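Please keep the structure in view while reading.

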Amino acid sequence: MRENHEAHDQLLRRLLGAPGPELTCEQCFDELDRYVELELAGADADQLVPGMRAHLEGCPACHEEHLSLRALVQAERA
Amino acid sequence: MKTARVATVGALSRLLPPSSALDHAGVLDADSRAWLDALGSEGHAREQAIGRLHELLLRGARFEIARRRASLPHLARGELDDIAMQSANDALVAVLAKLDQFRGHSRFTTWAYKFVLLEAAVKLRRRPWHGRELPLEPERWPHVSDDTTSPHAGAERTQLLEAVRLAMETELTPHQREILVAVALNGVPIDVLVERLGTTRGALYKTIHDARRKLRRTLEADGYALEPAPPRGRER
């Protein structure tokens, strides 16, 4: 049942997106490198780049690219 | 190969706003400065720098392909190598063309990597959809089964999902509905739609964004208390 709930919550998130203001895809791309470095530096990236988190929750493509860039930069620094 | 006029480090530094990637004197970190110096030079030094940049981008493309390898069983090794090379080539053109837009808000390599990750991701998303028809109408609305452990919560979800379905039918334009259904219900990657419809990711995402805002307004007006969507996981 819990899995059922989670599946439907995910569906609702895909349909309704995140509440509040968010960046556009272009703004997300412009800020992505800075955002990732802030995250890796332990800074409050969401505070410093407002609207990024909401966009990453709403846009699957930008979300994947965020995860990829963070993983790549992390791997390079390891 | 397409190249771009490269701003000198001195000229670039004057344009750079204060940033976490700059030191207290507003100077780029040494590695980023070295990249810009080399790419801004002439002759053999510049050619060498472009060669190193291409190697870096190719490494980024291969990293992305390796991350997605498990979901790409239908692609042969040779095809993946081609995608990596094409991605690095396309990203190199983009990076050189936009070099004067680098503001030092991150390290140069982080900035450059995002271009090749975008190129590789878009190509990899599109490849499985070549020659396939796009599902633009709902293939199915998922069945919400009864929840015996928490019937109330289950009923609320069922009701909300039904209200969303209805609002999509009555409130959205045909274009908004088509795009939202394809992406959110049928799992079509936005980059595949971009290619088929001859538009941009930004324009399509705006359609999705506007549709979602319309749905949220309708649901709230109908008395549904929409909790803030929880993060899908920071995956830190």
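## Basis and overall fold

In what order do the elements of chain B run from the N terminus on? They run α-α-α-α-α-α-α-α-α, which is in keeping with a count of nine helices and zero strands for chain B; helices (H or I, at least four residues) and strands (E, at least two) are DSSP runs, numbered from the N terminus. Chain A has five helices and zero strands, and its pattern along the sequence reads α-α-α-α-α.

The model is predicted, so that local features need pLDDT of at least 70 and side-chain atom pairs count only at pLDDT 80 or more, whereas totals for chains, interfaces and linings use all residues. Residues are numbered from 1 along each chain as its sequence is written, while chains are lettered from A and ligands numbered from 1 in the order in which they are written.

## Burial and contacts within each chain

A residue is taken as buried if 20 or more other C-beta atoms lie within 10 Å of its own, exposed if 12 or fewer, and partly exposed in between, with C-beta atoms placed from the backbone. On this basis 45% of the 78 residues of chain A count as buried, and buried residues make up 31% of the 236 residues in chain B. The C-alpha atoms of chain A fill a box of roughly 40 × 30 × 20 Å along the principal axes.

Two residues are in contact if their C-beta atoms, placed from the backbone, lie within 7 Å. Among contacts in chain A between residues at least 6 apart in sequence, 65% join residues at least 24 apart; in chain B, residues 24 or more positions apart account for 72% of the contacts with a separation of 6 or more.

## The interface between the chains

At the interface, 36 residues of chain A are in contact with 45 residues of chain B. On the side of chain A that touches chain B, the elements giving two or more residues are α1 (2-16), α2 (25-40) and α5 (60-77) of chain A. By class, this side has 21 nonpolar, six polar and nine charged residues, where Ala, Val, Leu, Ile, Met, Phe, Trp, Tyr, Cys and Pro count as nonpolar, Asp, Glu, Lys and Arg as charged, and the others, Gly among them, as polar.

## The largest nonpolar core

A nonpolar core is a set of buried Ala, Val, Leu, Ile, Met, Phe, Trp, Tyr and Cys residues joined through C-beta atoms within 7 Å. The largest such core has 69 residues, and those that touch the most other members include B:L57 and B:A112. Helix α5 (residues 108-126) of chain B gives the largest share, twelve residues. Because domain 1 (9-129) and domain 2 (133-236) of chain B both give residues to this core, it lies between them; the domain bounds come from an automatic or database domain assignment.

B:A112, in helix α5 of chain B, counts as buried because it has 26 C-beta neighbours inside 10 Å. Leaving aside neighbours within four places in sequence, B:A112 is in contact with B:L53, B:L56, B:L57 and B:V95, and B:L57 is in contact with B:A88, B:A91, B:L92, B:A112 and B:V116.

B:A163 is found in helix α6 (residues 151-171) of chain B and is partly exposed, because 16 other C-beta atoms lie within 10 Å. Not counting residues up to four places away in sequence, B:A163 touches B:L219, B:D222 and B:Y224.
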